[in-house]
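Okay, thanks for having me. I'd like to walk you through one model this morning, so let me put it up on the screen.

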Amino acid sequence: MRIARPLRLLRFRSGGLAPIIVILAVLLVLLTARQPDFLSPPSLMSFLGRSAPVVLLAAGQYFVIVSGELDLSVGSLVTAQVVIAARLIDGDPSAGWPVVVLLLAFGVAVGLVNGLVTTRLRVPSFITTLGMFLILVGAVYLWSDGAPKGGLSEEFRLLGRSAFEDVPALGRIPYALLLLLAAAALALVLTRSDFGRTLVAVGGNPRTAELSGVRVWRAKTLAFVLSGLAATLAAVLIGGYSGVSFQAGAGLEFGAITAAVLGGVALGGGRGSAVGAMLGALTLETLFTLMNFYGVSGALKPTVQGAIILIAVAAASFRFPSR
Amino acid sequence: MSGALSLPARRTPPGVFVALVLTLAIGWLVVTLDGGRLFSLPTTVSLLHVAAGLGLVAVGQTLVVVGGSLDLSVAYVVSLSTLVAAETMAGDDGALLPAIGLTLAVSATIGLVNGLLVTTARINPFIATVGVGLLLKGYLDNGYDGPAGKTAPALVQGLGYQRIGPVPLSFLLLLAVAAAAWFMLARTRFGHHLIAVGGDPELARLSGVRSNRVLVTAHVLCALCAGLAGVYLASRLGAGAPRVGTEGLYDLESIAAVVLGGTALAGGRGGVAGTVGGVLLLASVDAVFNQLEVDVFFKQVIRGVIIVAAVAVHARRAMRKAS
Amino acid sequence: MTVLAVSTLLVLAGCATDEPATGASGSPSAGTGSGTGSGTGEQSKFFVRAEYDEQLALLDAAPAGPAGKPWEQALNPAMVETAKFRKPGPYKICFSNAGLNNPWRQVGFKTMQAEVDTHRGRISEFVHVDAEGKDQKQIADINDLLGKGCHALIVSPNTTATLTPAVEAACEKGLPVIVFDRGVDTTCPVTFINPIGGYGFGHVAAEFVTRKMKRGGKVLALRILPGVDVLETRWSAAKAAFDKAGVDVVGVEFTDGDPARTKKIVNDYIQRYGTIDGVWMDAGAVAGAAVEAFEDAGKPVPPINGEDQLDFLRLWKDKKLTAIAPTYPTYQWRTPIIAALKILDGERVPNPWKLPQPTITQDNLDEYLDPTMPPLHYAMCGCTDLPGYPGRWK
Amino acid sequence: MSGLLPSPLLALRGIGKSFLGVRVLDGVDLQVRPGEVHAVVGENGAGKSTLMKVVSGVHQPDEGTIEFAGAPRTFRSPREAQQAGIGTVYQELTLLPERTVAENVWLGREPLRRGLVDRRAMLGRTAELLASVGEGSLPPDTRVGRLGVAQQQVVEIVKALALDARLLIMDEPTAALADHEVGQLYALVRRLQEHGMGVLYVSHRLKEVFALSSRITVLKDGRAVTTLDTADTSADQLVRHMVGRELSSYYPDPAQPQELGPVRLTVRGGGNRKLRGIDLRLRAGEVLGVGGLQGSGRSALARALFGAAPFSTGQVTVDGAPVRLRSPRAAIRAGIAYVSEDRKGEGIVAGQSVLDNALLAGRAVRPGRLGRGARTARVRELLAAFELRAAGENQEIRFLSGGNQQKVVLARWLALAPRILLFDEPTRGIDVGAKSAIHDLVRRLARDGAAVLMVSSELPELLGMSDRIIVMRDGRIAGELAAGATEEDVVALAVGTEREAAG
């Protein structure tokens, strides 16, 4: 089975990895055609490093989507986390780690609320997390009345900004990339674990799962918690990469969801893979870079992005008819 | 047979109206204690104007949601419509009707595209409409660097500012459109089929309903409503505004209004009356907080809470009846 | 340069007063698609040559009014009668605000509130309604305020063209209307208050970058988002300047004010062109991110402009950047209150009330750089003498 | 032989259909005459349902011709088939719980007046139709969600009748019905027959087939093996044609007294919204049958014992120790397993692999414990023991036949070695061959010391399998019968002396 699974992902119909790999490959070819040195270790490394947050979010979103739900609050959570971090740290180097722990706790808390409201109060997750989105944004503005206060310490920002310098062959390896790899590995382990498989069942047919002894509410809530944690890590990286700002997380939720769907994760649950979701995110980031290199006018970028997404998803859904 | 013994045959009146009355009552009390007047003429007029804009969009949104779909591109359709209308009119009353016609034609076309993507191309409505939204965003960002065109004065005086007592013409328009939509759902084949498709597309198909055609029509109607909202805003603003739709958060707010009105996000259950109630509720909350000069961000938090709470109540009722 | 400026000033001084309301906006019809230059693309529909020349002239004009209090000064003032608005105090002053959705407006509004506090005796009530950046809400808000028996109405429009009808409606009510920041397409308000404006900002920055940058260098222009008139004018002026100097603008990108996005864009441009020799920005929000992008890429930071936000000023000093910070001063939020009181006293006020728009340069950097204030505070707030400083702004 | 008779209503010639390269139908010929009830029988996966879907326009045949009312036809959609006069009653109920009876009946062809839906006509005609099938008491503006399964079934049929169909396709119409309700259905079908309507009748229940049909076509592996005149055919012959072997005895021997072990499960005064005053004892080694009409509380009892719709009152003990079965999880922990009557909705996760489905419960209840390897191995053994027919353990379960899906569900439970098993209609929609396999399995489990409670609406199964039978009525245990009871005994208890309407 351990060997069978990746094969299956390619062989079986929906949620396969084949389409996203193809798309990503095509984009990379186009990219290198325009910018031959893009795939050279240093630039590739920094590309992967800066893409880490979005990929993390996509992985987190995978767990929520595959369990049949949706998390629209991650973007606002990222913003909230960055702003909170800035205010708590306020340039104090020593505050770094304690604050990170605190952020993780907050991320878990938000995930818990999302999960419990969705599962216990039976509020569609679209609404739950939309509400959470409004609440978080509002609260964070309220708390810092309109402008982020304090600032992040260089120490805190290391994780998102710095790298192991002069590594043989690769040149530099961003810490962000390492964190990403660790998280990705963890996500993979999770998807193959009992929990991971059960979660898919929950998304596929909650009734059956319930009657087989699965605590559906618990599984889904855990999924939201994972998403919250992913958002927190993303926030730490983004804050590190580019500092504090209310824009830090703007629109990331749509990015993450789109990435997951691009990667073959079926909205509605029960199908898809974390790997797919992460590749989807990487694809979107590649597209973004591609447009910079091809000098697509800033204003036209959304159009290109939208077109690519529609075409890709349509193509996928044609090759893999979804029931 | 999950549904066995659930809700009674008679539709229960949407609880949203109860909430609306309570909000207004409490709001009136608080505002009065605060030394203000909630139902002063200007305040009422403002309230109804806010409701009219959102309402037109939300009524359209109701149709797609009842059909089990979703339209997140409405915000951009609204913006585009204001521009098409205002630019075609160019301040000339003669061009009024052609302009409105063109506007509606354009928005209908967008709706058609949405519908086809969702049905024929089998793209999940969330992704499909977000994608189309991006296409439009690009067009707007690229083509417009600010308000353009000039609305025909007749329209401004009429739809924009004309009112009968405290009731603006635009609100009457909303009521008319809502009534039409209600009538459509209750008394036309299309309506019956739409609800069926929302309840179970395959089942509808087996019963000989042309599911795709129905859903496409719903999307066209939704876009038309957004187009109308655009015309109204153009009449209000005296010009076309490329960002008015997104500034107004019409995409998410309309969905919020729909679910506040008790329409199931999953489709197959709900109605326009509730939506209008939901819109009025949101508008009233706005008005009350305006009178109290409550901080916007706090207001946003409250909104988030209200939306989630309201839907939780709906879910609770449904559950109690189901179990 | 100055000669030309002065002469144009003389020519334009007169007609400048006739069309005040078209302040920072201008109407689309007036758009003149002046020649497209290297990579800068089409000229904005909002570019109004007359406006442009006028503002450039004002840059060198000498302000009238109390020294050291730029928020009470005016450039080439043309006074208007306000006797008919004289009323006994205390007053109820109402303010329809476009929004508080960015640090600039936050700092500004705090400044305005502080200004109100200094007149507690004369202002009995100050009503503030926030339109949350929604045109249609602001229209409703204004209409709503008209029913509250305000003695004066201050409006900071969310969008120029679209708010015009509402403001006209307000004027018809007979109460004094004061517009600031963005203008409206009508002359009915008693006065329109704003600093020199976007053209000046954009021009100063572009002119600086062009001058400091190595000949024939590549410039990257970073904009927040399209469709905001204030920002559009800044860019169109910069474009004009760059085109005139034949500067090679390799890219014009929108950052949505998102630092991460900004770093990625700058990063990619550095990689694509090997090096970028100058960075122009229409707002300071992401200046820090842009600078970092160069550092992270191990490149020297080229001549760059920011705004008077402290994080940038700090960066500028610490990293010893070649930089300049044109401003769109937040002290303009004090003026409407002052104007309102003058008008209600029947005193004459300038219309348009053009406030000076200082630029922070290497020479005067230190006097604006207050290390104790938060990073997103605007140095040009003119608020140091107001009650509650600095606590209120922290 | 049928060639001599007047032109057939429906004539299929050489119908062939494949899915993903798998040949599901292969050169099927079949004729239905006006006023004929033509039964189609065959094991699951024989292609019955596919054939019906071809006729009703859901699928289009790859080859062959459909002739209806003398003219060759091609139905590109159910709508076209309906317009031609072919109505269908599907295996699963196809009604919208949120909509009224009338709205469901007329869905897709609502009567119009001046372009608008004519509410009055809709309700009126629905009432007539309901009356014509002896359900006049059922108000047409009731929301279907409030109806019991049997009534929903009636609505299904009325829905098909509303087409003035000339051919009615009934795919397992009695699947959801209790035996006495089946009686009503017979009467209904005969009435249709008299009106010269042709009926294409698919069923696993040979009893019905013999009771209703004039001819029987046997499908096997997508081919029409033969068409027999019901009159001169015996059950054994038919079964032989279907499975290609003689069926010795339908049911395994009941338990001998000495095989009965200690009491595993007791309920005292159990009750909830659907049940009242339930007292029962379940011994190791016995199969306790539960009979009763649809909605009498049969299934409710099983679900209560499994914690899916828990008892709100009363005490339950397992092996003497009091337990609180508040959730399926709790029940499973107490060693109870439950096989639902609704396999599609509650038994499988359609999109997951056979293995994932079989491992579901184990993963949920005993994660980590008895190492994953061992757990998987155990499940593999079971699947092998059941001779599961699948393309591999990684095939998605939705591609399996009903019988094989049921085997996977059983494997899921047996992997947990439960001591108490609750079966709700374990053989619903399962072909004769797999049926007896499952019967044997149930009995074997009992022999191995499990206590089995089996709900069945099929009287022969109930009587044949049970060591003891309790009959439910109105949420109560109406009475208990020892082995050897007759169908009449059961029905008497189920219906009660005073004959109430079903429901």
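Let's begin with contacts in chain B: of those with a separation of 6 or more, 80% are between residues 24 or more positions apart. Contact here means that the C-beta atoms of two residues, placed from the backbone, lie within 7 Å.

Quick housekeeping. This is a predicted model, where local features need pLDDT of at least 70 and side-chain atom pairs count only at pLDDT 80 or more, while totals for chains, interfaces and linings use all residues. Residues are numbered from 1 along each chain as its sequence is written, and chains are lettered from A and ligands numbered from 1 in the order in which they are written.

Staying with chain B, we have 14 helices and two strands; those are DSSP runs numbered from the N terminus, H or I of at least four residues for helices and E of at least two for strands. Chain B has a radius of gyration of 20 Å, close to the 20 Å from the globule rule for 323 residues, so it is as compact as a globular protein of that length. That radius is taken over C-alpha atoms, and the rule is 2.2 Å times the number of residues to the power 0.38. The C-alpha trace of chain B spans about 60 × 50 × 35 Å along its principal axes. And 66% of the 323 residues of chain B count as buried, meaning 20 or more other C-beta atoms within 10 Å of a residue's own, with 12 or fewer being exposed, in between partly exposed, and C-beta atoms placed from the backbone.

Now, what does chain B touch? Here 23 of its residues are in contact with 26 residues of chain D. On the chain B side, helix 8 (189-199) and helix 9 (201-206) are the elements giving two or more residues, and helix 8 of chain B gives the most, with five.

Over to chain D. Its domain assignment, automatic or from a database, gives domain 1 (2-243), domain 2 (248-335 + 418-503) and domain 3 (347-416). The centres of domains 2 and 3 of chain D, over C-alpha atoms, are 25 Å apart. Their contact takes 10 residues from domain 2 and eight from domain 3.

Buried or exposed, what would you say for D:Thr486? D:Thr486 is exposed, because it has 11 other C-beta atoms within 10 Å.
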